[in-house]
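Student: Could we go through this structure together, one question at a time? I would like to see how each answer is reached.

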Amino acid sequence: MKALVYHGPGKKAWEEKPKPVIKETTDAVVKILKTTICGTDLHIMKGDLPEVTDGRIIGHEGVGIVEEVGNSVSNFKKGDRVIISCVTSCGKCENCKKGMYSHCMDGGWILGYLIDGCQAEYVRIPHADNSLYPIPAGADEEALVMLSDILPTGFECGVLNGQVKPGDVIAIIGAGPVGMAALLTSQFYTPAEIIAIDTDDNRLAVAKTFGATHTINSSDGKAVEKVMELTNNRGVDVAIEAVGIPVTFEMCEAIISAGGHIANIGVHGKSVTLHLETLWSKKHNHYYPPCGYSFHTYAI
Ligand code: ZN
Ligand code: ZN
């Protein structure tokens, strides 16, 4: 089969690889119908995730048709159309029982990272019963690719962890697909204002059509000043980071109001400074790291 294979930072190739086979009785092999590229794949290509080794098929999102299932798989059979969750989960371990599937002790995010992924004609999905979702008949399969990762990540890690509530002023830093998902789903909670920040005017124009009340192009380095101006120097109630680089996380720290929440979605490859020397005076800020953690790393 053909697959997109990682060969070290900056190097990838569309090449021939063996078709995956069932290794465990809980596996399924899925024929990919649609897949997509995630910002995380771009971080992999930059070399930010050194755990990804030479020869790995990348990609962790997609929809497909079940080709084959192991003997213990009971929820799916050959021919079923499925959404592949970016997170593989057994459903049985302590963390799964707590609903923290991204921390499954025999899974989590492994596809296209620690095991071969979805940017290929076929993919092996471990713990298929808990890691695949059936596609209803007649559904728009291309749209459902967004449910593999992008939409739930923007919603759960951004909007829910950020605790967006009615009347809030929120800022979303990064108007890529995940930032757009946070922008769309934040509107379930009727925030008063949504400020979208990005360096790309085209993305910002789309953000406006998706419900952003203000847009700021941060390329001039003045985004923090502009947010403070828009909020009468108060800052925002929720800052959602959807990029994964130090400058955008530090932007969140600079614009968060007293008692505000910072929700981090971006996958960081470099350490970021938590400016407690300035944040302490804002009191009761909460910081949520990505993907399913829901504790406060500090609450001062
Ligand atoms: Zn992804
Ligand atoms: Zn588990």
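Student: At what angle do helix H8 and helix H9 pack, and how far apart are their axes?

Tutor: This is a predicted model, in which local features need pLDDT of at least 70, side-chain atom pairs count only at pLDDT 80 or more, and totals for chains, interfaces and linings use all residues. Residues are numbered from 1 along each chain as its sequence is written, while chains are lettered from A and ligands numbered from 1 in the order in which they are written. Helices (H or I, at least four residues) and strands (E, at least two) are DSSP runs numbered from the N terminus, and axes are lines fitted to C-alpha atoms, for helices over the stretch in contact, with angles from 0 to 180 degrees between N-to-C directions. For H8 (residues 223–230) and H9 (residues 246–255), the axes are 10 Å apart and the angle is about 30 degrees.

Student: Are H8 and H9 roughly parallel or roughly antiparallel?

Tutor: Angles under 35 degrees count as roughly parallel, over 145 as roughly antiparallel, 65 to 115 as roughly perpendicular and the rest as oblique. The angle here is about 30 degrees. H8 and H9 are therefore roughly parallel.

Student: Which residues of H9 meet H8?

Tutor: Two residues are in contact if their C-beta atoms, placed from the backbone, lie within 7 Å. On the H8 side we find Ala223, Val224, Val227 and Met228. Their partners in H9 are Met251, Ala254 and Ile255.

Student: At roughly what angle do H5 and H6 cross?

Tutor: The axes of these two helices come within 8 Å. Among the contact residues are Ile150 and Phe155 of H5, and Val178 and Ala182 of H6. The contact holds 8 nonpolar, 6 polar and no charged residues. H5 and H6 cross at roughly 65 degrees.

Student: Why does Pro152 count as partly exposed?

Tutor: Pro152 sits in helix H5 (residues 150–160). A residue is buried if 20 or more other C-beta atoms, placed from the backbone, lie within 10 Å of its own, exposed if 12 or fewer, and partly exposed in between. Pro152 counts as partly exposed because its C-beta neighbours inside 10 Å number 18.

Student: Is His127 buried or exposed?

Tutor: Look in the loop between strand S6 (122–125) and helix H3 (128–131) for His127. Its phi is positive, about 45 degrees, although His127 is not a glycine. Most residues other than glycine have a negative phi. With 25 C-beta neighbours inside 10 Å, His127 is buried.

Student: And is Asn233 buried or exposed?

Tutor: Asn233 lies in the loop between H8 and strand S11 (236–241). Its phi is positive too, near 70 degrees. Asn233 has 9 C-beta neighbours inside 10 Å, so it counts as exposed.

Student: Which residues in helix H1 are buried?

Tutor: H1 covers residues 39–46. Strand S1 (2–6) and helix H6 (177–186) are included in what covers its buried residues. Those buried residues are Gly39, Thr40, Asp41 and Ile44.

Student: How many helices and strands does the protein chain have?

Tutor: Of the 300 residues of the chain, 47% count as buried. The C-alpha trace spans about 60 × 40 × 40 Å along its principal axes. The secondary structure comes to 10 helices and 13 strands.

How values were computed: Ala, Val, Leu, Ile, Met, Phe, Trp, Tyr, Cys and Pro count as nonpolar, Asp, Glu, Lys and Arg as charged, and the others, Gly among them, as polar.
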